[in-house]
Amino acid sequence: MTLAFRSDESSPFVRALLADRGLAPGEVPLAIDARDEMLEFFLAEYDGDRERALFTYLRSGASVAQTLVEVLRWRFGDLARIGLVLDFACGYGRVTRFLLRHFPKERVRVSDVYADAVRFQEERFGVRGIPSTLLPEDFSCAERFDAILVTSLFTHLPADRFAGWLRRLLGLLRPGGVLLFSVHDEAVRDPGLAMPEAGILFEARSESGSLQPGDYGSTWVTEEFVRGVVARAAEAPVSLWHSPRALNDFQDLYAVFQEEGLDTSGLTVAAEPVLWIDRCFLERPDLLVLTGWSAQRGGRSREVQASLDGRVMAASPVDGLRADVAARFQDERLAGSGWRLAVPLPPGVSRNAALLILRVVDSRGAGHPLWAGFLETALLEAARQDVEGLRRETIRLQGRLSTAEGWLVHVEAREKAGLAALEARIAAMEASRFWKLRNAWFRLKRSLGFREKDSP
């Protein structure tokens with residue numbers, strides 16, 4: 001078994017994340033399998049930067065686990081009341097490893113269509129695995145569960161599998177249990193993709209390098225579709241709860257409770273804030289300046305903090321005027337989303353070794369480390385962003401110039417056509433009998449000595 005990251009490795013990024021989360025070494029199993037497609041996804045996103053990919057892989061897994069646990073606490077109160085938990089479509093344990101902070105491994109089951117992923121978690125995390133299948137009707141499981149957690153599966157299923165897996169998993173719940181699953185809402189689809197009337201859009205493409213696209217593609221759904229398919233899949237009346245963009249500010253989260261008429265009005269989870277860096281530059285050799293915006297759906301980002309090698313060096317309230325952010329989110333409450341950080345740099349600091357982390361404090365006072373990189377990385381990313389901005393502006397101006405040139409050609413062609421029409425009209429007039437008689441009359445007047453002013 002080849003590991004992409006070993007538990008005994010020393011990574012400043014991983015250490016910083018654990019410290020930010022208040023986790024002691026060994027509290028969370030950190031081994032990551034080299035075949036983990038989620039890590040591969042983040043590696044591609046960061047152009048092969050392993051440290052940043054590891055940071056985001058673990059940070060996102062911790063964030064998802066925390067949100068799921070919030071819902072379970074609301075439902076059960078004390079987590080000790082939960083007998084068995086199933087992490088279904090678990091992959092190589094990006095989320096599972098953080099669930100083990102809250103549940104003894106003896107009460108956790110994992111299941112995935114990747115047999116190697118299940119085996120990895122059994123060996124490394126000590127949980128019990130259940131092999132999964134492509135088709136829901138082929139899935140065999142003798143146990144029943146108080147909670148079934150499914151992230152990033154229904155985001156990839158065609159309509160028949162979507163309904164089939166909901167029916168199969170709901171059938172594995174104990175009385176009073178809860179099924180939590182995530183979806184891509186229609187709001188996050190490419191605007192160029194039309195949403196079918198059925199309320200589900202499936203495309204045979206995904207990041208998976210091994211599953212067939214027809215089995216595991218990309219799926220977007222409407223809330224109406226989800227409510228309808230849940231109602232049809234449930235064997236008894238249930239209660240359904242929905243939280244938009246609850247997971248990593250991208251996937252919607254649904255909870256199906258095995259109880260009719262459950263009042264879920266008091267169940268709220270805080271959406272993860274969004275952080276954007278507009279500019280990053282050295283105002284002086286000893287002062288790094290960053291500007292940008294931060295927004296939180298259903299709440300408001302309070303503060304952005306910058307830490308350098310684990311020490312908070314600067315903080316900024318999130319209150320700067322950003323009408324563009326309010327327009328982007330279509331929420332006027334987010335008009336005050338701007339921030340500015342002035343980060344003092346210690347003497348002799350290394351741009352290639354000093355770890356910068358930007359942390360957003362949300363409306364509840366919880367911190368979210370959303371950006372991590374070396375100082376040089378921050379400066380390079382900002383420079384690339386400036387270049388990309390200039391490229392887009394150049395394209396925009398070229399488009400305007402092309403439009404103007406096209407208009408000038410149109411005007412010139414129109415004027416030429418008008419002139420040609422006028423010349424043809426004059427030629428026609430001059431060739432007419434009236435015009436010839438007129439010219440003959442003027443010639444006669446001139447021969448008789450009449451001038452133009454002498455005419456009556």
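Helices and strands here are DSSP runs, numbered from the N terminus. The model shown is predicted.

**View 1. Ala270 sits in a loop between two strands.** Is Ala270 buried or exposed? Ala270 has a relative accessible area of 18%. The cut-off for buried is under 20%, so Ala270 counts as buried. Which residues touch Ala270, leaving aside its neighbours within four places in sequence? They are Glu70, Gln296, Asp362 and Arg364. Take Asp362 from that list. Ala270 and Asp362 are 92 residues apart in sequence. In space, their C-alpha atoms are 8.3 Å apart.

**View 2. Glu9 and Arg50 form a salt bridge.** Side chains of opposite charge can pair when their charged atoms come close. In this pair, the closest N and O atoms are 3.0 Å apart. The bridge links distant parts of the chain, 41 residues apart. Glu9 lies in the loop between strand S1 (3-5) and helix H1 (12-20). Arg50 belongs to helix H3, residues 50-76. Glu9 is partly exposed, at 23% relative accessibility. Arg50 is partly exposed as well, at 32%. Which residues make up the network of salt bridges here? Arg6, Asp8, Glu9 and Arg50 are linked in it. Across the model, the count of salt bridges comes to 27.

**View 3. Arg174 and Asp146 meet in a salt bridge.** The N to O distance is 2.9 Å. Arg174 lies in strand S7 (residues 173-183) and Asp146 in strand S6, so the bridge ties together parts that are 28 residues apart in sequence. Arg174 is partly exposed, with a relative accessible area of 30%. Asp146 is buried, at 11% relative accessibility.

**View 4. Asp331 pairs with Arg333 in a salt bridge.** Their side chains meet at 2.9 Å, N to O. Arg333, at 59% relative accessibility, counts as exposed.

**View 5. Ser152 and Asn248 each have a positive phi.** Most residues other than glycine have a negative phi. Phi of Ser152 is near 60 degrees. Where does Ser152 lie? Its place is the loop between strand S6 (145-150) and helix H6 (159-170). Phi of Asn248 is near 55 degrees. Asn248 lies in the loop between strand S10 (239-247) and S11. The relative accessible area of Asn248 is 24%, so Asn248 is partly exposed.

**View 6. Leu419, Leu422 and Ile426 make a nonpolar surface patch.** How many Å² does the patch cover? The area is about 260 Å². Leu419 belongs to helix H9, residues 375-431. With a relative accessible area of 47%, Leu419 is partly exposed.

Methods:
Residues numbered from 1 in each chain as written. Predicted model: local features only at pLDDT ≥ 70, side-chain atom pairs only at ≥ 80, totals over all residues. Heavy atoms only, no water. Helix = DSSP H or I, 4+ residues; strand = E, 2+ residues; numbered from the N terminus. Buried < 20%, exposed > 50% of the residue type's maximum accessible area, 1.4 Å probe, protein only. Contact = heavy atoms within 4.5 Å. Patch = residues over 30% accessible without salt bridge, like charges linked within 9 Å, V, L, I, M, F, W, Y side chains within 5 Å. Areas by Shrake-Rupley, 256 points an atom, 1.4 Å probe, with all protein chains shown as cover. Salt bridge = Lys/Arg side-chain N within 4 Å of Asp/Glu carboxyl O.
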